[in-house]
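This report describes a protein chain and then turns to one of its helices. Please keep the sequence and the model in view while reading.

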Amino acid sequence: MGDLREPLRELTECGLPQALEVMGERWSFMILRASFNGLHHFEEFLSELGIARNILSNRLAKLVSHGILKRDPCADDKRKIEYRLTDKGLDLLPAMVALRQWGQKYGAEVVENPVLVDERDRLPIGPTSILSHDGRILGPADLHLVERDSLGIRADGTRAEAGPAIGRGRVIDIASMRKAQNAA
């Protein structure tokens, strides 16, 4: 990733240690997965996950305190509480999908059923990728660390301008992009 390295001992200057502080253990991920699967009530989490009551209570409280889940009164019974994903929680979906795909690729041979598909075509989703600002798929050799004041300055000294943002639902021709990258 170039000559510049992250300060690896500094745990507060990077998002990864902060994310792991919140999500860095199995039950938090299992609760998050259950939330993405439509579970909202304490008793649902308890029975579906097979988690101990005290651990579930602790992990739900932690996810709520970090703004990943929110507690709302149940619409049909105000005495009950629902746990709902916040925008911050929903933003963890790509990380969850990436971890799931990695586990399927390198974990035990598991035939996925049900299969995660896109809503429109009902075909399996593609691999989670790192995309550039303009939609190019990046690999490890394409990543580089720079100081903030050097953003947009290419290795040859020319300045890059950010292209249009990639919007949800935008179709990207991956095959053409790969062909163009290989030709370059």
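## Elements of the chain

Helices (H or I, at least four residues) and strands (E, at least two) are DSSP runs, numbered from the N terminus. By this definition the chain holds 7 helices and 4 strands. Their order from the N terminus is α-α-α-α-β-β-α-α-β-β-α.

This is a predicted model, in which local features need pLDDT of at least 70, side-chain atom pairs count only at pLDDT 80 or more, and totals for chains, interfaces and linings use all residues. Residues are numbered from 1 along each chain as its sequence is written, and side-chain values use heavy atoms, with hydrogens and water left out.

## Burial in the chain

A residue is called buried at under 20% relative accessible area, exposed at over 50%, and partly exposed in between (1.4 Å probe, protein chains only). Of the 184 residues in the chain, 20% are buried.

## Helix 4

Helix 4 covers residues 53-65. The expected span of a helix is 1.5 Å times one less than its number of residues. For the 13 residues of helix 4 this gives 18 Å, which agrees with the 18 Å between its end C-alpha atoms.

Which residues of helix 4 are buried? They are L56, R59, L60 and L63. An α-helix has 3.6 residues a turn, so residues three or four places apart point the same way. On the other side of helix 4, N54 and S65 are exposed.
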